[in-house]
Amino acid sequence: MEIEICELPAISVVGMEGGAKPGHNPACALWEKANARFGEVDGLALRDENGAPVGIWGAMSDFSRSFLPWEDGFSQGLYLAGVQVPPEALPPEGWVKWTLPAFACLRVRAEGNYEAAFRAGLDELKRRGLTLAGAVQECQRPAEGGQMYLFFPFKRL
């Protein structure tokens with residue numbers, strides 16, 4: 001599993017928001033809703049030189065919207081299923097915009113097993129003597145065939 005330290009700049013994401021509680025994770029339903037209505041935000045998406053969206057984000061925050069880690073064993077918090085947009089983008093009706101703060105992160109390339117990548121990121125933070133300082137963020141890169149990365153913030157920039 002590929003793990004490296006990187007700096008994640010502030011990222012703006014427009015998406016569908018929901019809250020997770022033990023026994024209820026809304027991510028799948030939010031992705032279905034966001035994908036079904038993607039045409040409403042397609043024109044807002046930041047794109048690479050080939051026209052692909054630069055990032056499809058599963059953004060997360062604690063309930064205070066401070067982008068702290070999810071609570072209760074990473075089972076409670078807010079989730080935003082969306083696409084990366086310019087900071088000045090305005091979300092259409094029914095959509096929500098978050099701007100994630102800049103962090104120093106461990107970036108874990110998820111090789112098909114989200115749970116294993118999540119555990120590997122937490123283990124690597126511990127091994128390096130680092131403390132999780134923000135909610136873990138998920139990003140799929142369309143230009144890389146939909147490759148998913150997990151970002152484990154350890155320091156606000």
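Me: What volume does the largest pocket have?
Reply: The model examined here is predicted. Rolling a probe the size of a water molecule over the atoms shows where empty space is left. For the largest pocket, the computed volume is about 270 Å³.

Me: Which helix gives the most to the lining of the largest pocket?
Reply: The lining comprises 15 residues, and Asn25, Met60, Trp70, Phe74 and Tyr114 are those nearest the centre of the pocket. By type, the lining residues divide into 11 nonpolar, two polar and two charged. With three residues, the element that gives the most to this lining is H2.

Me: Around the axis of H1, what arc do the buried residues Ala27, Leu30 and Ala34 cover?
Reply: Helix H1 spans residues 27–36, and Ala27, Leu30 and Ala34 are buried in this helix. They lie on the same side of H1, because the arc they cover around the axis is only 65°. An α-helix has 3.6 residues a turn, so residues three or four places apart point the same way.

Me: Is Leu130 buried, partly exposed or exposed?
Reply: Leu130 belongs to the loop between helix H2 (114–127) and strand S7 (137–141). Apart from neighbours within four places in sequence, Leu130 has contacts with Leu125 and Phe154. Buried would require under 20% relative accessible area, and exposed over 50%. Because its relative accessibility is 27%, Leu130 counts as partly exposed.

Definitions and conventions: Residues numbered from 1 in each chain as written. Predicted model: local features only at pLDDT ≥ 70, side-chain atom pairs only at ≥ 80, totals over all residues. Heavy atoms only, no water. Helix = DSSP H or I, 4+ residues; strand = E, 2+ residues; numbered from the N terminus. Buried < 20%, exposed > 50% of the residue type's maximum accessible area, 1.4 Å probe, protein only. Contact = heavy atoms within 4.5 Å. 1 Å grid on protein atoms, 1.4 Å probe; cavity = no way out; pocket = protein on both sides within 12 Å on 5 of 7 lines; lining within 4 Å. Points joined across faces, edges and corners; volume = space filled by probe spheres on them. Nonpolar A, V, L, I, M, F, W, Y, C, P; charged D, E, K, R; others polar. Arc of directions from axis to C-beta.
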